[in-house]
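Here are some notes to read alongside the model. They are set out as numbered points.

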Amino acid sequence: MTTATTIRELAERYDTLLFDSYGVLVNESTGLPGSRELIDWLESTGKSYFIVTNDASRSITSRTEKFVQQGVPVPSERIVNSGCLIPLFFKDNGLAGAPTAVLGGSDATEYVKQGDAKIVRLDRMAEASVFVLADDEGFDWRPNINALVSTLNHKVLESEPFTLLLPNPDLVYPTGERKYSFAAAALAGLVESALDRLFGPSEQHHFIRLGKPHAPIFDEALRRAGASRENASVVMIGDQLETDIAGAVAYGIPSAIVTTGISRFSTAEELSALPREHRPDYLLTSLSLG
Ligand SMILES: [Mg+2]
């Protein structure tokens, strides 16, 4: 069952609120209705909340500046993005010093440097053992994706171990009214398809994904909130069933869908009929504090 509710009710029921960014608080150019008042209210009441966003292409500093430009002044320490999971991944997996090729821009490369990786230039990609597909911008797709497939083919044939990392699992992102652009996961899909074709399907040559709907980004949000997965009093508020809602359900926390973003559904009846893995617990028709 999906139940209609309000932000105020969720804030009373749960210790921590997690918000998606695009389609919930902001669109490409500006804050969505009610988001400024909501952030001001959360800050003034001292409520625990975090912005949980798959973007890995901007540093936390530039993301914070963008929020200010959009009229939604979210403090930097409230932002959990896929980019800030990159250095944690390197530390948790003993990859400090690992030769790493980064397909992405300078902000994405900065996250990898924070993981103490040894950055390898893309024209010397064969020397890398870790490959981070961090963005759809900042590098020339065609030659570098071709080089990546060729490099990985060689490594599989020579039994050389490697790690593939995809911080942001989003396939496409909105660039305007009914306009979309491919994101890094679309390129990762090409690489995985090629390797599946060459060697048969295997997780060994698939990318490790950090952002929603996967667990690492929720782990980090809860760590910042000082909560544990087992007894977290936390709710995920988002606009996408496939990432925000499916991620929360798989992680084992409640979720609320807002109908201000790209959700195709607008009534509690429609949402209640969805399979459990995509079914939000709550419906929010606005961010209004009422
Ligand atoms: Mg969204």
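1. Asp 239 is buried, with a relative accessible area of 2%; buried means under 20%, exposed over 50% and partly exposed in between, with a 1.4 Å probe and protein chains only. Tyr 22 is partly exposed, at a relative accessible area of 25%.

2. This is a predicted model, in which local features need pLDDT of at least 70 and side-chain atom pairs count only at pLDDT 80 or more, while totals for chains, interfaces and linings use all residues. Residues are numbered from 1 along each chain as its sequence is written, and side-chain values use heavy atoms, with hydrogens and water left out.

3. Tyr 22 sits in the loop between β2 (16–19) and α2 (35–45), and Asp 239 in the loop between β12 (234–238) and α9 (241–251), so the pair ties together parts that are 217 residues apart in sequence. Helices (H or I, at least four residues) and strands (E, at least two) are DSSP runs, numbered from the N terminus.

4. Helix α4 (residues 82–92) and helix α5 (residues 106–114) have axes that come within 7 Å and cross at roughly 30°. The two are therefore roughly parallel, a term for angles under 35 degrees. Axes are lines fitted to C-alpha atoms, for helices over the stretch in contact, and angles run from 0 to 180 degrees between N-to-C directions. From α4 the contact (heavy atoms within 4.5 Å) involves Gly 83, Cys 84, Ile 86, Pro 87, Phe 90 and Lys 91, and from α5 Tyr 111, Val 112 and Gln 114.

5. The axes of α4 and helix α8 (residues 215–225) come within 10 Å and cross at roughly 90°. These helices are therefore roughly perpendicular, which covers 65 to 115 degrees. Ser 82, Cys 84, Leu 85 and Leu 88 of α4 meet Pro 216, Ile 217, Glu 220 and Arg 224 of α8.

6. Leu 157 belongs to helix α6 (residues 141–157) and is exposed, with a relative accessible area of 57%. Its C-alpha atom is separated by 48 Å from that of Val 258, 101 residues apart along the chain.

Definitions and conventions: Angles under 35 degrees count as roughly parallel, over 145 as roughly antiparallel, 65 to 115 as roughly perpendicular and the rest as oblique.
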